[in-house]
Amino acid sequence: MATARENAFSHLLAPGMRKIFFEKYGQRPDEYSQVFNVDSSQRAYEEDSEVTGLGRMPEKPEGRPTTYDSPFQANVRQRYTHVSYGLGFRVTHELYEDDLYRIIRRMPTALARSAHQTIEVVAWNVFNRAFNSSFTGIDGVELCSTAHTNIARTTGSGPYANKPTTDVDLSVTSLQAAVENLENTTDDRDINVMIKPRMLVIAPENKWMARELLNSEKKPHTADNEINALVDEELKYLISHFMSDNDAWFLNGGKDDHYLNFFWRERLRMDNDDDFDTGDAKFKGFMRFSAGFSGWRGVYGSSGA
């Protein structure tokens, strides 16, 4: 007698396994998506290239022709190559029959946590490597640097900085300097882009300081009864549990003002099948994505003192 599809071991378990898997995966709120521009991709990789705007409009004397300008394009493109990630587990028929301790229910939970951890770690490595010269952007330097260059092949006011000359811990003065840096940002043609700071990104160890800086009515750590001028900036803070440096911190503009990108090529899915020889039910999770940055503007960071 032929074995019917509904008698396959893995298909008996699959609906419950998938339900547990995606319930547990969804229980942990994404942190990366609150910062990165998340998009989908239909190719093996994505590429970004930086193009400048135009320079300042010059005077036009009466009767004289209009001056014409042209944008410049960077010589280097930023490529996002999607990487595949996968992990699975097997359930024997004997385990299924003898499971008195709900071991099977723990397995999709563990797989869901593994997937969630991988996504967050890969995304937040963009910040963890922000001061590492081995991970560079279109201009050839790391995300946070004092040596960003002008891609317009004209004389500009560069080099540009989006970090302090000497890295400092998060404080009133260092955060004020970060706000000023973003608001004074210019593009590659020295046009003011005036980025509005939106989000302070910190490790858990810095949340106490963040609350004092952003929520105190009076200026923190002083007895002069001064107002807390940072309150009017309406900054929010995000605690990242995946930052490798406890005292590193970043101040970002809104998603429209920075170039931190995350591309989904294939979103997380769970598949199942049976192993013919052993009778085991096999389950696996698979996903493909990439993360990175195409430009440094809109991000200010310090690795801490």
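User: Hi! Which backbone oxygen lies 2.7 Å from a polar atom of the Ser302 side chain?
Analyst: That's the backbone oxygen of Val168. Keep in mind that this is a predicted model.

User: Thanks! Is Ser302 buried or exposed?
Analyst: Ser302 counts as buried, because its relative accessibility is 0% and buried means under 20%.

User: And which residues is it in contact with, leaving aside neighbours within four places in sequence?
Analyst: Ser302 touches Phe131, Pro164, Asp167, Val168, Asp247, Ala248 and Trp249.

User: Where is Ser302 found?
Analyst: In strand S10, residues 299-302. That strand belongs to an open sheet of four strands, ordered S6-S5-S7-S10 with mixed pairing. S10 and S6 (236-239) are its edge strands, each pairing on one side only. On average, neighbouring strands there are turned by 20° against each other, direction ignored.

User: How many bridges join S5 to S6?
Analyst: Four, with S5 (residues 197-202) running parallel to S6. Met199 stands opposite Lys236 in S6.

User: Which helix lies across S5, S7 and S10?
Analyst: Helix H4, residues 172-183, at about 30° to S7. Helix H5 (residues 207-215) lies across S5 and S6, running at about 170° to S6.

User: Changing topic: how many bridges join S8 to S9?
Analyst: Twelve, and these two strands run antiparallel. Arg269 has Phe286 in S9 as its bridge partner. In the hairpin they form, six residues sit between the strands, and Gly279 takes a positive phi near 80°.

User: What about S1 and S8, parallel or antiparallel?
Analyst: Parallel, joined by four bridges. Asp39 has Phe263 in S8 as its bridge partner.

Notes:
Residues are numbered from 1 along each chain as its sequence is written. This is a predicted model: local features need pLDDT of at least 70, side-chain atom pairs count only at pLDDT 80 or more; totals for chains, interfaces and linings use all residues. Side-chain values use heavy atoms; hydrogens and water are left out. Buried means under 20% relative accessible area, exposed over 50%, partly exposed in between (1.4 Å probe, protein chains only). A polar contact is a pair of N or O atoms within 3.5 Å; within protein, one must be able to donate a hydrogen and the other to accept it, and residues adjacent in sequence count only if both atoms are side-chain atoms. Contact means heavy atoms within 4.5 Å. Two strands pair if DSSP finds at least two bridges between them. Axes are lines fitted to C-alpha atoms, for helices over the stretch in contact, and angles run from 0 to 180 degrees between N-to-C directions.
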